[in-house]
Amino acid sequence: MLIARIRQILYFLHQGVKNLSVGGISAIIAVTSITCSLLLICLYFIISSHLTKAFDLEKDIRVVLYLKESVSKNRIEPLQQKLTNYEEILGIKYVSKEKALEKFHHILGEDAIILEGLNNNPLPASFEIELNHEAKEINRLKSVLHQWEVLPEVESVQGGVEWIEKLSGFIIALRISLCFLGGILIIISLFIIASTIHLTIDNRRDEISIMRLVGATDWYIKLPFLFEGVIEGILGGTLAIFLFWVFYEVLRWRITPCLQLIFNFSEINFLTMKQIFIVLLVGGVIGGGGSLLSFFLQSFQHR
Amino acid sequence: MQPLSAIVQMFHVYKTFDDNYRALIDINLRIEKGEFLFLVGPSGAGKTTLMRLLFREERASSGQIIVYGRNINKIKAGRIYQLRRKIGVVFQDFKIIPTKTVFDNVAYVLQVLGQPKSEIERKVYAALNRVGLEKRMDHYPKKLSGGEQQRVAIARAVVNDPVLLLADEPTGNLDADRAHEIMKLFNDINLHGTTVLMATHNIGLVGKMKKRAIYLREGKIAHC
């Protein structure tokens with residue numbers, strides 16, 4: 001029984017490959033359209049997995065509270081105590097005016113000579129605050145920063161809310177654009193595969209009528225066409241991964257130097273095994289879906 | 001369970017097509033098990049339509065058709081294959097697949113049924129032997145004569161031992177000698193127990209075979 005089943009599956013596979021090999025131009029167009037759709041999915045994966053790294057979102061957000069000149073040293077500790085009570089705070093560090101100048105001196109290095117002409121220290125004392133992950137939620141971050149801004153000891157707050165807002169918007173827009181474009185391409189691929197399968201069925205109409213005549217079940221006739229679609233999808237997926245790898249290898253060496261300058265990482269990683277599997281799976285699903293769509297459209301025609 | 005004596009029974013069967021053309025009118029027919037029956041009549045008399053009703057290529061507009069104990073009008077579309085596995089059909093234009101060898105054309109029926117390879121080989125060889133084509137099993141149809149192609153179609157129709165063999169003008173495209181050979185073949189199949197219903201407009205052929213014949217004219221049975 002099991003052997004008979006395996007034999008039948010091999011038969012369907014063989015027929016599917018055979019259908020594909022005689023499919024000619026229409027099969028090539030179908031595979032190409034799937035390849036284009038899946039290239040977008042590859043691009044989506046790469047961009048998504050590098051966005052967080054690129055914009056340092058994995059690290060915790062840092063906020064600097066600059067204190068007013070008038071704040072005396074004995075008010076520092078109660079203020080630090082007050083701030084520590086906020087549950088959004090992961091760590092807090094007081095930077096005195098002297099320490100700030102020292103740091104600035106260090107940053108300027110050889111150019112620190114320009115500071116020698118200063119009569120007094122112009123840098124304010126501050127609290128460097130590290131926020132936890134919960135505080136990354138933009139509304140919560142806004143609310144906390146607003147509470148600190150109105151404290152009598154605080155001159156200003158530097159928290160990067162605008163930056164996070166813009167970045168979040170950019171990421172969402174990018175993802176939506178890729179999904180939209182990918183979705184359209186997937187729909188186009190589905191219809192191209194459906195018409196390819198439709199043509200194959202049409203070319204083999206006589207053979208199919210003989211199959212029906214000798215008692216073949218509906219699925220015995222349809223399965224090779226379903227397999228044809230799935231094979232086209234997986235072929236399209238394989239081609240997409242290969243082309244994407246070529247693209248990746250060519251670009252990697254050219255853009256690596258720029259990455260270090262612009263972002264906080266120096267290398268783009270290729271798709272993970274899980275992502276490769278998903279691309280092939282999506283390809284197979286698009287192919288199989290196209291075949292099913294073809295069956296559906298044909299049954300609709302014959303009504 | 002009593003053995004079936006009638007393979008086909010038709011009760012007041014009518015067939016009207018969409019354009020209101022009445023192809024069959026009040027057909028009542030009984031074909032006994034093991035019988036060889038001719039369906040005779042001029043072109044357009046309704047012979048092919050009657051055949052097509054029997055393997056559910058067409059559905060009767062009214063009336064009942066019982067084939068091998070089953071009311072075939074009530075068979076759901078998805079179950080028609082069960083009926084067809086019990087029936088062999090031979091056409092005037094052979095309907096064999098040109099891209100498959102003689103062996104594969106016949107083996108196809110058994111592959112559809114999911115039979116094991118060894119069984120398929122044994123049965124196909126026996127069927128081809130029966131029609132005298134065992135030495136040409138690796139040939140493609142285009143290398144065969146019309147008579148040989150029809151014999152491939154007959155081998156395909158009988159390879160699964162059907163209870164009923166339907167032949168629609170099987171000698172229509174053949175010369176007299178080839179037609180005679182084919183008729184001998186059908187007679188031989190019938191002698192082995194298969195019920196045969198053959199449609200033809202060749203009354204001479206029917207006369208030679210000395211079998212029961214039903215005459216159809218304008219969709220009605222004229223006489224038996």
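The following exercises, with worked solutions, concern a predicted model.

Residues are numbered from 1 along each chain as its sequence is written, and chains are lettered from A in the order in which they are written. Local features need pLDDT of at least 70, side-chain atom pairs count only at pLDDT 80 or more, and totals for chains, interfaces and linings use all residues, while side-chain values use heavy atoms, without hydrogens and water.

**Exercise 1.** Describe the interface of chain A and chain B by its contacts and buried area.

*Solution.* Step 1: with contact defined as heavy atoms within 4.5 Å, 14 residues of chain A touch 19 residues of chain B.

Step 1: the two chains bury about 1500 Å² between them, and 62% of this lies on carbon and sulfur atoms. Buried area is the accessible area (1.4 Å probe) that two parts lose on being put together, summed over both.

Step 2: Ile210(A), Leu213(A) and Val214(A) supply 41% of the area that chain A buries against chain B, more than any other three residues.

**Exercise 2.** Determine which polar interactions and which elements of chain A contribute to this interface.

*Solution.* Step 1: the count of salt bridges between chain A and chain B is zero; a salt bridge requires a side-chain nitrogen of Lys or Arg within 4 Å of a carboxyl oxygen of Asp or Glu.

Step 1: the elements of chain A that give two or more residues to the side touching chain B are α1 (2-21) and α7 (205-213). Helices here are DSSP runs (H or I, at least four residues), and strands are DSSP runs (E, at least two), numbered from the N terminus.

Step 2: α7(A) provides the largest share of that side, five residues.

**Exercise 3.** Explain what the salt bridge of Lys103(A) and Glu128(A) ties together.

*Solution.* Step 1: their side chains meet at 2.9 Å, N to O.

Step 1: Lys103(A) lies in helix α4 (residues 97-108) of chain A and Glu128(A) in strand β3 (residues 126-131) of chain A, so the pair ties together parts 25 residues apart in sequence.

Definitions and conventions
A polar contact is a pair of N or O atoms within 3.5 Å; within protein, one must be able to donate a hydrogen and the other to accept it, and residues adjacent in sequence count only if both atoms are side-chain atoms.
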